[in-house]
Amino acid sequence: MKKIVILASDTPHRRYYIKKIISSGISIAAIVFESSSIKPSFPVSPFFSKEEEEFERENFFKDFGDSLEGLSVRVFETINDKACEDYIRGLDADFAVVFGTRRVEPFIIDLFKDGAINVHRGIAEEYRGLDTNLWAIYHSDWENTGVTVHFVAKELDTGDIVFQERVIYPRHVKVYQLRFYETQLCVDLSIRALTDYLNGNLVYRPQTKKGRYYSFMPLVLKELLPGKLEKFNANCVK
């Protein structure tokens, strides 16, 4: 049996992601959470934070709770800690899924026999880095909001693509609801990727172009997004 590890940060939407992966029948050997995060030097919040949290908790956990009790969970300050390296080495794992950590250094990825895939909330060939779907909406780039599952490479978000699909938001979607629908697509594509991996049928392709790198979206720009979404909604399918 292949041993799969999930590397992530501990948030409600990632707990939902983990529990949906496991409920699909895919066995996860361990979950490694990163407790710290990179902070921008400029304001990025608050921006619908309370509404986002309430919406996600109400909708993610209708059928099951958010508890990870009974699962093998370890927490480290950063995913690249020496203690984390030692722990992962001891797992003797085959494959990893990265979803929401800082850049994972090659010496961590090298611990997995078959490498690692990253779940990127964005179309990597157009938007790499952070807040990528928000940047696409800001640029009125309606066709390039989505999710990319790709292999982890030395340069951020440039690895070979396993799956890449546009996210279809419902009409009249609100800013604080975006991550909910993106996470659902993350789950779907990840289950497909991991199922293919376990069956020995994982197919991937090189990226056709190198997407532009984006950092945190400043709060002053985020505040323009509700107006952008009014136009964006006209392009969404119900």
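1. Axes here are lines fitted to C-alpha atoms, for helices over the stretch in contact, and angles run from 0 to 180 degrees between N-to-C directions.

2. The structure is a predicted model, in which local features need pLDDT of at least 70 and side-chain atom pairs count only at pLDDT 80 or more, while totals for chains, interfaces and linings use all residues. Residues are numbered from 1 along each chain as its sequence is written, and side-chain values use heavy atoms, with hydrogens and water left out.

3. Helices (H or I, at least four residues) and strands (E, at least two) are DSSP runs, numbered from the N terminus. The axes of helix 1 (residues 12–23) and helix 2 (residues 49–60) cross at roughly 20 degrees and come within 10 Å. Helix 1 and helix 2 are therefore roughly parallel to each other. Their crossing is left-handed; this term applies if the near helix is turned anticlockwise from the far one by less than a right angle, and right-handed if clockwise.

4. Helix 1 contributes Pro12, His13 and Tyr16 to this contact, and helix 2 contributes Glu56, Arg57 and Phe60 (contact means heavy atoms within 4.5 Å). The residues of the contact comprise 3 nonpolar, 1 polar and 2 charged. In this scheme Ala, Val, Leu, Ile, Met, Phe, Trp, Tyr, Cys and Pro count as nonpolar, Asp, Glu, Lys and Arg as charged, and the others, Gly among them, as polar.

5. Two backbone features deserve a check against a general rule: most residues other than glycine have a negative phi, and most peptide bonds are trans. A cis peptide bond joins Ser45 and Pro46, with omega about 5 degrees. Pro46 lies in the loop between strand 2 (30–34) and helix 2.

6. Ser140, in the loop between helix 5 (132–138) and strand 7 (146–151), has a positive phi near 55 degrees. Ser140 is partly exposed, with a relative accessible area of 32% (buried means under 20%, exposed over 50%, partly exposed in between, with a 1.4 Å probe and protein chains only). Asp157 also has a positive phi, near 60 degrees, and is placed in the loop between strand 7 and strand 8 (161–166). Asp157 is buried, at a relative accessible area of 6%.

7. The count of disulfides is 0, a disulfide being a pair of cysteine sulfur atoms within 2.5 Å. Cys84 is buried, with a relative accessible area of 0%, and Cys186 is buried with a value of 0%.

Technical notes: Parallel < 35°, antiparallel > 145°, perpendicular 65-115°, else oblique.
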